[in-house]
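Hello! Here are a few friendly notes to read alongside the model. Please keep the viewer open as you go through them.

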Amino acid sequence: MRVYLEFEKPIEEIERKIDELRQFSSENEEQIRKEVEKLRKKMVRLQEEIFSNLTPWQKTLLSRHPNRPYTMDYIAMLFEEFVELHGDRLFRDDPAIIGGLAMFNGQTVMVVGHQKGRTTKEKLHRNFGMAHPEGYRKALRLMKLAESFRKPIISFIDTPGAYPGIGAEERGQAEAIAVNLREMASLKVPIIIAVIGEGGSGGALAIGVGDRILMMEYAIYSVISPEGCASILWRDAARAPEAASAMKITAHDLMELGVIDEIVKEPLGGAHSNPEDATRNLKKAIEKHLNELMEIPFDELPLLRYKKYKAMGAFYEGNTDR
């Protein structure tokens with residue numbers, strides 16, 4: 001069932017009227033058809049107006065939309081012959097991170113990504129997409145396997161953040177994330193990152209170091225959630241919309257800052273309104289960047305990756321002659 005966010009309520013009202021008209025069975029079928037078409041055009045105009053003026057907070061809500069495609073949805077639509085691989089060979093398998101070999105346009109690739117759940121049972125099983133250290137160690141094991149066979153890596157980011165529980169900390173959460181950052185920086189295979197929903201903190205970065213970073217139009221990417229930022233700065237999580245605007249977490253903000261390489265256009269209404277169109281757009285972006293990266297000698301990729309990240313965060317020093 002389609003879930004409507006608060007700012008989408010006017011659209012929901014028109015959808016409801018269309019559904020009501022469709023249920024009528026009368027002699028004025030042609031008149032009803034015209035009325036439905038009129039309402040549809042009105043709804044499209046309203047959607048265009050709403051989605052052309054979204055605030056960073058509204059985009060944050062869209063990035064978390066319960067109907068939004070998750071990693072497994074994109075895997076099913078983008079790849080063929082996906083074979084999931086399990087376990088970090090140290091502790092256990094973490095369902096919050098999935099990964100495995102798959103075919104993409106006839107090319108064998110390694111796919112890794114966060115996986116959230118839809119039902120209550122699945123959310124608990126996947127831990128809401130918040131990985132434990134073993135999840136990141138599993139991801140690194142698979143990426144190292146890809147390097148051994150010289151296969152490209154495609155990583156999907158969609159997490160509120162790494163799991164901060166006691167068990168995770170006891171098993172070395174920070175160390176696991178840090179090791180992934182170091183090792184991904186030096187992998188001698190192409191790495192494409194796709195931020196498809198929430199890109200939260202170190203939990204996102206742990207599988208987010210790559211040669212190309214793609215970001216869905218209504219995804220977010222940030223060192224902390226807007227609620228967390230507001231709680232720290234103002235001791236008030238209710239000021240999250242204000243924090244979202246200040247943090248520069250949207251795709252357009254990050255494109256201007258040079259953090260990402262391409263914004264992947266979403267259908268009107270968001271990726272959840274038409275997952276097939278969203279997937280087609282993402283596939284085109286992955287194809288383009290993968291083809292470019294495959295032309296580069298693999299041994300040169302770590303240095304280019306290093307230069308890419310070193311160039312981020314440029315700043316100007318103020319006048320020190322005082």
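Which residues line the largest cavity?

1. The lining consists of Arg 64, Thr 159, Pro 160, Glu 198, Gly 199, Gly 200, Ile 220, Ser 222, Ile 224, Ser 225 and Pro 226. Here a cavity is a set of points, on a 1 Å grid over the protein atoms alone, where a 1.4 Å probe fits but cannot get out, and lining residues have an atom within 4 Å of a point.

2. Before going on, note that this is a predicted model: local features need pLDDT of at least 70, side-chain atom pairs count only at pLDDT 80 or more, and totals for chains, interfaces and linings use all residues. Residues are numbered from 1 along each chain as its sequence is written, and side-chain values use heavy atoms, leaving out hydrogens and water.

3. The structure has 1 cavity of 30 Å³ or more, and the largest cavity holds about 60 Å³ of space, a volume being the space filled by probe spheres set on the points. Strand S5 (191-200) gives the largest share of its lining, 3 residues. (Strands are DSSP runs of E, at least two residues, numbered from the N terminus.)

4. Now look at strand S4 (residues 153-159): 7 of its 7 residues are buried (under 20% relative accessible area), so S4 is largely enclosed by the rest of the structure. Ile 153, Ser 155, Ile 157 and Thr 159 lie on one side, with Ile 154, Phe 156 and Asp 158 on the other.

5. S4 runs parallel to S5, joined by 6 bridges, and Ile 157 stands opposite Val 195 in S5. Strand S3 (residues 107-114) is also parallel to S4, with 4 bridges; Val 112 has Ser 155 as its bridge partner.

Methods
1 Å grid on protein atoms, 1.4 Å probe; cavity = no way out; pocket = protein on both sides within 12 Å on 5 of 7 lines; lining within 4 Å. Buried < 20%, exposed > 50% of the residue type's maximum accessible area, 1.4 Å probe, protein only. Pairing = 2+ DSSP bridges.
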